[in-house]
Each structure stands twice: as C-alpha cells, then as structure tokens.
Amino acid sequence: DAAVYDLGNGEAIISTTDFFMPIVDDPMDFGRIAATNAISDIYAMGGTPIMAIAIFGWPLDKLSTDVAKAVINGGRKACLDAGIILAGGHSIDAPEPIFGLAVTGRVQLEQLKQNNTAQVGDKLFLTKPLGIGILTTAEKQQILLPEHQSLATEQMCRLNNIGSKLATHASVTAMTDVTGFGLLGHLTELCQGSGLQATIDERKVPKLSGVEDYIANGAIPGGSGRNFDSYGLHISTLTDKQRALLCDPQTSGGLLIAVRPEAAAEISALLKQHDLAYESIGELHSQTNGTTLVEVC
C-alpha cells in the first residue's frame with residue numbers, strides 16, 4: 001500500500017501519495033475525501049501519519065480561487081482529524097481540478113502490516129460497507145433517493161485510523177485498504193501474495209443501504225466491469241448482483257483484515273467498539289485450485 005524505509009532502530013517511515021479528480025460536487029467534501037483516501041495507506045500498513053503535503057491542480061480559467069480554497073480546507077480538515085498538519089505542497093494550473101496528498105507516517109517494524117503475510121485459517125473482516133461506486137453512479141443517474149444522499153460521502157470521509165490500533169495486535173497477520181479494484185481485487189492480491197485461497201460469504205459482506213435496489217436499476221459504474229475483466233479468472237462463478245457489489249470500485253474504502261481465528265472474537269469486539277463493521281466475511285485456506293483464488297458463496 002505504501003513505501004517503507006527502515007530507520008535501523010526498530011522503526012520505519014511510511015511514504016505514500018494519492019490524488020484524483022472530483023467525485024462529488026461539494027468542493028470541501030472533495031478535499032476531505034481525497035485527503036482521507038491518501039492518508040488511508042498509512043493506516044493500512046499499521047502506521048500513524050505524521051505529516052502531509054498537498055498535490056493540487058486547478059483550472060484557473062474555469063473555477064474561482066474561492067472554490068479552490070474550499071477544496072484545500074477540506075483536505076486540511078481531514079488532516080486535523082488524523083492529528084497531523086497539512087504542511088504545504090505544490091499547485092499548478094491544470095485543465096481539470098486535481099487534489100490529493102503525499103503523506104508520511106511512522107510505524108514500529110514489528111507492527112508493520114502488509115498484504116502478503118496472511119496465514120491459513122485466518123478470518124477476514126471488512127471495516128466499511130461496500131457500494132460507494134454504486135451510490136455515486138445512482139446520483140449521476142439522478143435516481144439516488146433523498147435518504148441515501150449523504151451515505152457515500154460519510155463513508156468516504158471516515159478515517160481508517162483503526163489501522164493504528166490493529167497494528168498492536170500480532171493476531172492481525174495482514175491488512176490492506178479496499179479502493180479502486182473493489183473487494184475481490186484487493187482480496188485476490190492478498191491471496192496471491194500470501195499463497196492462499198479465500199472463501200467469502202456475500203451475505204455477510206457489509207453494504208450501504210439501498211445498494212441492491214440500485215444494482216437492480218442498473219446503477220453500476222463502468223469500473224466494476226473493468227475490474228472483473230482484470231481478475232475474474234481467479235474468482236468462482238458469480239451472479240450479476242455479486243459481481244456488481246464485490247467488484248464495485250471504492251474510494252476511501254475500508255480495511256480488509258486477516259486475523260488468526262483464536263483472536264477473531266477480540267478483533268470483532270474492537271471493531272464493534274469503534275462502530276465499524278465487525279462480522280467476519282470469510283476465511284483463508286491452503287490453495288487447492290490452480291486458478292481460483294476466491295470462492296464466493
């Protein structure tokens with residue numbers, strides 16, 4: 001999820017960057033989401049962020065500087081929520097708005113979490129519900145119901161800071177955040193890196209309210225199909241609904257966590273305590289089939 005530099009004293013520096021064009025209309029929300037998404041890579045490796053600088057492109061001939069300030073303020077808000085400062089950055093005149101962060105974090109090497117160190121028997125957890133791509137597509141299609149208007153934004157603005165707490169648990173063997181490749185893409189990567197296969201129960205996967213109805217109404221982002229095309233050969237047979245949900249591209253999605261089975265109840269309780277999705281969605285086992293890495297039931 002990020003680059004790691006060993007300081008040689010038992011501690012390491014984590015460095016990451018991420019940026020994108022607007023996915024919501026409100027400029028402050030855009031800034032918060034982009035910043036929260038960038039900071040997530042630090043948490044996904046069990047680290048604690050210590051500083052961020054901005055990456056900012058703005059079409060000065062099309063949008064006012066007042067709107068630009070709102071984007072920056074949104075990014076600053078996310079940094080403050082994470083306990084760090086937005087310490088500067090670089091801006092350019094660009095054809096389209098672009099915003100993100102380069103983030104620096106720190107971690108004790110013995111607590112570093114990676115996506116290629118899971119073990120046979122591990123239980124899988126996902127801390128945030130899926131469906132961000134589906135709800136934002138429904139909004140573009142003007143079929144998003146009023147009661148669902150803020151759901152995706154609320155999830156995208158929520159920090160994955162639980163990752164720093166999970167880092168202190170040796171029973172958490174692997175961790176990554178679920179973003180543009182969808183749950184199945186990031187789980188496939190975890191399985192490939194760890195030399196394992198996974199079984200997940202789609203019924204236990206957390207999902208945003210209304211997602212299944214929006215899928216039925218065709219609110220499926222184009223990225224879902226591209227995702228499946230890139231890793232579908234490693235996935236068991238899926239229904240159309242399962243493919244739409246489990247391949248849905250997430251922005252600032254939750255953490256996918258592999259946990260030793262004897263500690264699953266403890267980690268579940270910790271997630272519940274922090275108002276996160278806390279039910280195990282599946283488990284990992286030895287590879288038995290050369291191509292299928294994820295079995296969905």
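Me: Which helix holds both D240 and R243?
Reply: This is a predicted model, in which local features need pLDDT of at least 70 and side-chain atom pairs count only at pLDDT 80 or more, while totals for chains, interfaces and linings use all residues. Residues are numbered from 1 along each chain as its sequence is written, and side-chain values use heavy atoms, with hydrogens and water left out. Helices (H or I, at least four residues) and strands (E, at least two) are DSSP runs numbered from the N terminus. D240 and R243 stand three residues apart, about one turn of the helix, and the helix that holds both is α9.

Me: How far apart are N and O where the side chains of D240 and R243 meet?
Reply: The two side chains form a salt bridge, a term that requires a side-chain nitrogen of Lys or Arg within 4 Å of a carboxyl oxygen of Asp or Glu. For D240 and R243, the distance from N to O is 2.8 Å.

Me: Is D240 buried or exposed?
Reply: Buried means under 20% relative accessible area, exposed means over 50%, and partly exposed lies in between (1.4 Å probe, protein chains only). R243, at 28%, is partly exposed. D240 has a relative accessible area of 57%, so the word for D240 is exposed.

Me: What is the angle between the ring planes of F30 and F99?
Reply: Rings of Phe, Tyr and Trp (its six-membered ring) pair if their centres lie within 6.5 Å, and planes under 30 degrees apart count as stacked, over 60 as edge-to-face and the rest as tilted. A search of the whole structure finds four aromatic pairs, and F30 and F99 form one that is edge-to-face, with 6.4 Å from centre to centre. F30 lies in helix α1 (residues 27–44) and F99 in strand β5 (residues 98–108), so this pair ties together parts that are 69 residues apart in sequence. The angle between the two planes is 70°.
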